[in-house]
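Subject: Structure for you to look at

Hello,

Here is the structure I said I would pass on. Please open it beside this email and follow along; my notes come after it.

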Amino acid sequence: MRFLAVLALTFTLNTNAQTLPVISDAEVTSLATEISGESAKRNVEGFSRQHRMRGSRGFRAAADQVVAELKRYGYADAHIESLPADGTMFYGTQRSRPAWNAELAELWELDADGKRVTRIASWEAAPITLAQDSVSGDVTAELIDIGVGTTEADYAGKDVKGKLVLTSSQPSGVAPLAVGRFGAAGIVSYAQNQRTAWYGDDDTLIRWGHLDTFAPANERTFGFMVSLKTARSLQQRLAAGQKIRMHAVVRAGQEPGAYDIATATIPGTNLREQEIVYSCHMDHPRPGANDNASGCATILEVARTLSKLIAEKRIAPPRRTIRFVWPPEIEGTLALLNGRPEIAKRIKAAIHLDMVGGGPETKAIFHVTRGPASLPSFVYDVAQTVGMLVNEQTATYAMTGSAKWPLVASDGTKDPLRAAFVPLTLGSDHQVYSDSSFSIPAIYLNDWPDRYIHTNRDVPANIDSTKLARAAFIAAASGYTLARIGDSDAPALREMMQAFALERGAVAMRRKDANVTKFAQWYESEMQASLTRFLSGTTAAPAVAGLRRSSKIRGTMGAFGYDYFTAHYPKHKDIRLGEEYRYEALNLVNGTRTTSEIRDALSAIYGPVPLADVEQYFDALASIGVIVTP
């Protein structure tokens, strides 16, 4: 009876309350009606015209586009933070990568007389056909099929010196042997990545290729990317004994440059020194529409919407400062947080958008992703609350043709959003914010899968304006809520958290594991404490008595184009812990937990793991100065 009475009281309270905590229904309506998926898609189209490699002219052009739009939206402080990148400077665990630009790249098949007959690849037509970090070259040579090309056995009986090699591997994986050891003149790759259910359905796709930014001089080369269909045709001809000669010409290379990060702020009213940051990643080969012109355009639309509504007094100004940033993926965020530590210290939460506009053709599922279990935060529950509202409203609209907040673009779909609410997945800048060097809770909005990610078919035509509007609403409402929270909002937020805690508790109970129960109790306690700290503007006091992380090495162990752990620990291939276990293991090092306690926490989060595997990883981290043992 007591349970029923409490449930009835809760129901009564909820029916009389506003729909979302902290912000009123009138403000929700203002956000929902002002956000424009059509406007966001126009910016997607603009970004998609640029080949946006880090430090490149295309990236700078996209950054300039962002700043120009921000100024048009009323952001007087819109500017580009330029952080030098020359290949030698470090930003925490990130070795800065020099800028890479290309002017020309063509691959032609020649006839018996040496005349060009078929153009296989062209930078002008599709920049994605040139592997990132290729160097200049002008080669006329025979094509040799080396298959995978990553072991010496692949070269048995084949003379590749001075030749072009055809491979199923990424150019970076082939260059050490093919070029560095056996003297090949260049690489033609049909590497297949992103293996989803639709993998292999379209053999005309050309996928993004990479070479090692920091390869030794004898391994530096160029690589062309071709479709599986093209590769199969070449293979069949070679297998039949036909000689294929090609002419490859490339004008490209590295040079000292910078991480150019567009940024702007909406100053807070009375908590200006605290910031909520909106993040995306700008870099990607052209067209890169969903990955990640969509995220960049969506936070730009959030910036436009918030600025306009505040100026028109349709919503109240934020108490905390709201910042927007457009860096290169992972490496740019590491550069920003390490290179501008004064900004890092002010950020209390991040909303990160990476692939948020995939339409039906992409087969994408939209996710509202929580931060790491090692960093509990009420911030994640705020995002889920907003996401659930959008799910409910868009489903109602799809089924009845009417809803209070349908969030439908005039040129978009009318399907329900069906956002999935999931635990941490790695692979984008959110993992930098949430790394224990910074401990910034991050909401991660993202599509997965996407059948066209990292291919020439990731085009604006596959982007859904309606979905952009819905992602923008979730981001805008979540970030605006966090920027507005005050002490008087604590009861409503704790009620919100309690409902989610009950759901999480039920999941933990079903696992019937005492270790899981213990971790769940700690997690919920920290969820409550996270709100207290957020309201007071404080952080958890670091403990230094036990196993702890060095404050001198700040950032994730794996970055983009440079892996700190791999570069510093020669026996990295012997480490048995998987990537997700490694990330959470280091995050759980807090000065109080023992290695055994960390193993128990990892087991609760992901599943059983041997203590010896955790000890092995920590010994490796200690040997390179990342953690300090008592």
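At what angle do the axes of helix H10 (residues 378–400) and helix H13 (residues 490–511) cross? Keep in mind that this is a predicted model. The two axes cross at roughly 90° and come within 10 Å. Angles of 65 to 115 degrees count as roughly perpendicular, and H10 and H13 are therefore roughly perpendicular to each other. On the H10 side, the contact is made by Phe378, Asp381, Val382, Gln384, Thr385 and Met388. They meet Leu493, Met496, Met497, Phe500 and Arg504 of H13.

Next, the sheet. It is open and has 7 strands, in the order S5-S4-S10-S6-S7-S8-S9, with mixed pairing. Strand S5 (116–122) and strand S9 (223–225) are the edges, each pairing on one side only. On average, neighbouring strands in this sheet are turned by 30° against each other, direction ignored. As background, strands of a sheet pair through backbone hydrogen bonds, either parallel or antiparallel. Strand S8 (residues 186–189) and S9 run parallel and are joined by 3 bridges. In one of these strands, S9, glycine 223 is the bridge partner of isoleucine 187.

Then the aromatic rings. The whole structure holds 15 aromatic pairs. One of them is tyrosine 91 with tyrosine 259: the ring centres are 6.3 Å apart and the planes stand at 65°, so the pair is edge-to-face. Phenylalanine 214 lies in the loop between S8 and S9, and tyrosine 562 in the loop between strand S18 (548–549) and helix H15 (564–568), so the pair ties together parts that are 348 residues apart in sequence. Phenylalanine 214 and tyrosine 562 are both buried.

What lies over the face of phenylalanine 214? Arginine 95 does, at 3.8 Å from the ring centre. Arginine 593 is placed over the face of tryptophan 522, at 4.8 Å from the ring centre.

Lastly, Tyr75, Tyr278, Phe324 and Trp326 form one aromatic cluster.

Regards

Note on methods:
Residues are numbered from 1 along each chain as its sequence is written. This is a predicted model: local features need pLDDT of at least 70, side-chain atom pairs count only at pLDDT 80 or more; totals for chains, interfaces and linings use all residues. Side-chain values use heavy atoms; hydrogens and water are left out. Two strands pair if DSSP finds at least two bridges between them. Helices (H or I, at least four residues) and strands (E, at least two) are DSSP runs, numbered from the N terminus. Axes are lines fitted to C-alpha atoms, for helices over the stretch in contact, and angles run from 0 to 180 degrees between N-to-C directions. Rings of Phe, Tyr and Trp (its six-membered ring) pair if their centres lie within 6.5 Å; planes under 30 degrees apart count as stacked, over 60 as edge-to-face and the rest as tilted. Buried means under 20% relative accessible area, exposed over 50%, partly exposed in between (1.4 Å probe, protein chains only). A charge sits over a ring if NZ of Lys or CZ of Arg is within 6 Å of the ring centre and within 35 degrees of the ring normal. Angles under 35 degrees count as roughly parallel, over 145 as roughly antiparallel, 65 to 115 as roughly perpendicular and the rest as oblique. Contact means heavy atoms within 4.5 Å.
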